[in-house]
Amino acid sequence: MAIDLAATTAVPADRIVGRPGGRGRRPAARRRRTLIAYLFLAPFLALFVTFVIVPAVFGVWISLTNWSPFRDSQDFIGLKNYLDLFTAGSTTSADFWNSMRATGLFVVLSVPFLVVVPLFIAVLLNRKLRGATFFRTVFFAPYVLGVAIVGVIWSYVFDTQSGILNHLLGLFGLPSDTPWVVDTPWVWVSLVGVTVWWTAGLNTVIFLAGLKGINTDLYEAAALDGAGAARTFFSVTLPGLRPVMIFITTTTILASANMFGQSFLLTNGGPGNETRTAIMYIADQGLSQNNMAPASAMSYVLFAFLAIISVVNFRLQRERSEKAAS
Amino acid sequence: MTTRLSRGLGLGVAAALAVSLSACGASDSSEGGVSGEDYDGPAVEVTFWHGWTGGAAPTIVPKLIDKFNAEHENITVKNVPQEWADINSKMPLAVKAGKGPDVAVLHGDDLATYAAQNLLQPADEIIEGLGYSEGDFPPDVFEMGDFRDAQYAVPWSVTPLGLFANKDVMKKADLTEVPTDRQGYLDALEKLKAAGVQGEWVDGYVFTGTFEFQSLLWQFGGDLYNDDVTEATFNSEAGVEALTWMTDLVDKGYSPKNVAQDGNIKALLAGDTAFNWNGVWQTTNTAFGDLDWAAAPVPQIGDEKAVWSSSTHWVFPANKGQSADETSAAATFVKWMNDNSAGWAETGELPAANTVREDPTILEKYPNLEPFMEQLDYAHYETVSPGINEANALITTAINEALTGKKTPQAALDDAKAKADAIIEQNQQKYGD
């Protein structure tokens, strides 16, 4: 990613400075400019290498050992930690796949809402309505809250007996004893709902930026051709948002797959371990139970899944946009 | 997204740190000659780690430390409060690198895990020098610091469970006395039910369903693990009886279904229920305010008296290259703190030192602590075995599954036992035995 960035920033600089006539000095000048570009990138690169690349490589090593912070030397045990994950009956496999199931379920349930709801809000806010800025702030506001605060607020709302939500439902004659954070399937409704409330603002803002980037001539043309609101949305707005859409679905899937705080705070992974997500289980195993080696192996399995999903998602959407372009 | 990113980075950093630190050699701790006398060597700085970040502690601890520093010219104690969870993830690596604290407070159930990893100095000499023995603390508390025939810790505080009662709610069923035994408790719950009140809301979370279950298990004559902690025994007849008692509370209508975490203490405060099994720490809950409430020993439901309690202890970490002077000064600090721990009751914990706790002035100032002190004669403490908390977590899962109707009490406890046994076996490999 860092190299891509270097390439894209170097190009415009080239165009500006590289005037015709100065051809003789060009290679040297280019080298210098490349050097300068790398110099500017160096601080980020240093951090990226120290805090992402190096730990990631160490993580691979840890996952291949019986690593324990309390021993002085670590033994290489090959792929055992990985094989254990795929062996029924080992101490980690059932719990790990159970947590992967929880993560998968959360992704499947939350991502559609986290894409559609913000898109809908963004389209509404993009109209020239009075107080749009106000509403934009309102929808974005929850995003600035920390997950701890979100957890505390909603645990008051969701309490089975004394929660505000059940109280309100009771006033309308609806069932007032729904176990929102205690039992399935309600726990999933709550977790998805809270996550949408909490993070939809970010996607909304990104969609809004995308909407502003669509050429208004297209809307004019569509209007002249007699397209209605729905037709305009599907033929102008959606295709115009395609690059933004790829970005949002990819990042939203990754964010949902990394869900931790909501179920940690609201449901405690319950009922049983039903809502204990992969990240929650990995963090518990690695940091609380000192099983760093199996936890590293789990991280890489999760990483493999996410990498595949991201690539597939990217491919699918790119193909669609290529088809649309041709 | 930034929070998620930084969390991910945090994990990475921890991993990187762990690796670079693990390269460092084992700790070769030298033990200081410690006597009951105050440390009188050259001026030293003693780093003190603890997890008291909430309640009254953040004002009390610095005050105590300032006072200690003022009274001791050659010792400067540096106060380093942080979340308990952070201590557990940081301390092993810090100690291995020689950057850990000179003295720390740990929860009783973590002591063995630390000791097994050679993170703590065997403190027999220090403790002998300070003149402490079993008899200076409530029964079974001092022994928690004993691991593989060495004493690693000095008790600091104990925090038993108790019965909190909302007397205004009790009045609705014409109840005046807080029940103390099985029949009395059932009668009270029945009367409350007749008056339209669900008397005790039972929850399936660590706070406090797990503590209630463990209290009941011991009352019915069972135990969590066998004596040498090689096998889980909480699925015994006593365990099933204990968990069935809890599910019965729901089935008989004494408790609503699906109580959320902390739902029961909130309900007690809101006047929706009469009883709540909760820890002594709730006595300082300001939300009780003007409420007419009382604390009592937990009722005796089973055949014997028993109640869950946790404890905290002083330890002397075995930092790589630990200075004997600093450990010696730390011991002086521990002794002074225990002698001056009367004010600790303010935080809703009972000082462990008998001389301090049994001083009548404490009860004059904090009368609500009395029922909790009474229970210390028969309180049970957490299991001492390295890595045991991973197995303990399964107990909560079982209680949760039984209370949400996912499994019967027997099936839930059997499943948890099977997993716990696997974890105990894994722990034996991990920590040696």
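Analyst: Start with pLDDT, the predictor's confidence in each residue, from 0 to 100. Chain B has a mean pLDDT of 89, and 91% of its residues reach 70 or more. Over residues 1-32 of chain B, the pLDDT is below 50. That stretch still has 58 contacts in the model beyond near neighbours in sequence; a contact puts two C-beta atoms, placed from the backbone, within 7 Å. This is a predicted model: local features need pLDDT of at least 70, side-chain atom pairs count only at pLDDT 80 or more, and totals for chains, interfaces and linings use all residues. Residues are numbered from 1 along each chain as its sequence is written, with chains lettered from A and ligands numbered from 1 in the order in which they are written.

User: Which domains does the assignment give chain B?

Analyst: Bounds come from an automatic or database domain assignment. Here, domain 1 is 31-159 + 310-380, and domain 2 is 160-307 + 384-431. Their C-alpha centres lie 29 Å apart. The contact takes 26 residues from domain 1 of chain B and 22 residues from domain 2 of chain B.

User: How many residues does each chain give to the contact between chain B and chain A?

Analyst: Chain B gives 42 residues and chain A 38 residues. Which element gives the most on the chain B side? Helices are DSSP runs (H or I, at least four residues), numbered from the N terminus. Helix 1 of chain B gives the most, with eleven residues. Helix 1 spans 2-22. For the complex, the predictor gives an ipTM of 0.77 and a pTM of 0.84.

Notes
Helix = DSSP H or I, 4+ residues; strand = E, 2+ residues; numbered from the N terminus.
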